[in-house]
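Biologist: Could you take me through one part of this model closely, the sheet and the helices that pack around it? I'd like the cut-offs along the way, please.

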Amino acid sequence: METIEVANVMETEGLRISYGKREVLKGVWVPIAKGKVTAIVGPSGCGKTTLLRSLNRLTDLNSNCKVQGRITLDGDNCVSMDPVLLRRRVGMVFQKPNPFPMSIRDNVLYGVQAQGMSKEGHDDIVESSLRKAVIWDEVKDRLGHSALELSGGQQQRVCIARTLAVNPEVVLMDEPAGSLDPRSTLLLEESIMEMRGQYTVVIVTHDVPEARRISDFIAFMYEGRLVEFGETEQLFSAPREEATRDYLAGGLVTVAPVAREDEAPAA
């Protein structure tokens with residue numbers, strides 16, 4: 001399969017993260033392509049959520065966390081950035097929907113108003129963000145109603161709209177469909193695919209078929225290391241590592257992958 005040349009908006013280089021004496025990430029290199037969807041997959045406890053949270057320095061919230069290596073955004077070192085400003089550029093959608101106890105409209109505009117942005121165009125921002133999250137048609141006639149009245153799947157898409165309203169460069173998603181029913185999951189996946197091109201999306205998912213449906217690239221992790229990274233269809237059709245083939249085929253790893261640390265993924 002021909003390799004597609006894509007510019008990277010973010011990248012981790014030899015990333016090591018530890019909590020006390022426990023090393024969770026062990027020299028991880030992951031390029032994140034601009035305007036694409038990158039899925040991080042692997043068994044529970046492999047470090048995929050830690051990797052995701054490190055991209056906007058949510059790992060800083062744990063005082064016991066030590067970070068080594070580099071994380072860059074547009075070539076700049078994220079470690080030296082103001083974390084508040086970084087999180088405006090790299091937004092986060094969590095596994096459990098977390099709408100605020102206010103109207104749907106105010107939820108979407110929360111970040112916009114917190115940043116002191118002009119009130120001009122608020123209606124356009126609300127509609128545009130809800131459309132990108134594929135929920136506009138469901139809520140357009142009740143924008144003044146509490147977001148807490150919505151179903152779990154609708155709440156999650158409102159949270160996505162809230163994240164998109166401040167126009168981040170990168171959107172991080174930590175198993176966003178983890179608590180949703182199948183129909184809500186399909187609508188959520190539709191909203192992710194709507195973002196492709198305009199936003200860069202990095203998603204952690206335990207659902208391998210979902211990763212195949214929505215992603216352009218996959219990073220497969222195992223025991224704190226990046227085992228393999230590549231274009232989604234290439235990894236499914238012709239992975240380099242037997243462990244990758246095992247996991248993508250059935251979610252189990254029968255052959256332990258070769259330990260690789262501080263090594264950039266092959267081109």
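Modeller: Two strands pair if DSSP finds at least two bridges between them, and helices (H or I, at least four residues) and strands (E, at least two) are DSSP runs, numbered from the N terminus. This is a predicted model, where local features need pLDDT of at least 70, side-chain atom pairs count only at pLDDT 80 or more, and totals for chains, interfaces and linings use all residues. Residues are numbered from 1 along each chain as its sequence is written, and side-chain values use heavy atoms, leaving out hydrogens and water.

Strand 7 (residues 170-174) and strand 8 (residues 200-204) run parallel, joined by five bridges; Met173 has Ile203 of strand 8 as its bridge partner. Both belong to an open sheet of six strands with mixed pairing, in the order 6-7-8-3-9-10. Strand 6 (90-93) and strand 10 (225-231) are the edges, each with a single partner strand, so one side of each has no neighbour in the sheet.

Helix 7 packs on this sheet and touches strand 3 (37-41), strand 7 and strand 8, its direction making about 145° with that of strand 8. Here contact means heavy atoms within 4.5 Å, while axes are lines fitted to C-alpha atoms, for helices over the stretch in contact, and angles run from 0 to 180 degrees between N-to-C directions. Helix 10 (residues 242-250) also packs on the sheet, touching strand 3, strand 9 (217-222) and strand 10, at about 105° to the direction of strand 9.

Helix 7 (residues 182-195) also packs with helix 6 (residues 152-165), at an angle of about 15° and with the axes 9 Å apart.
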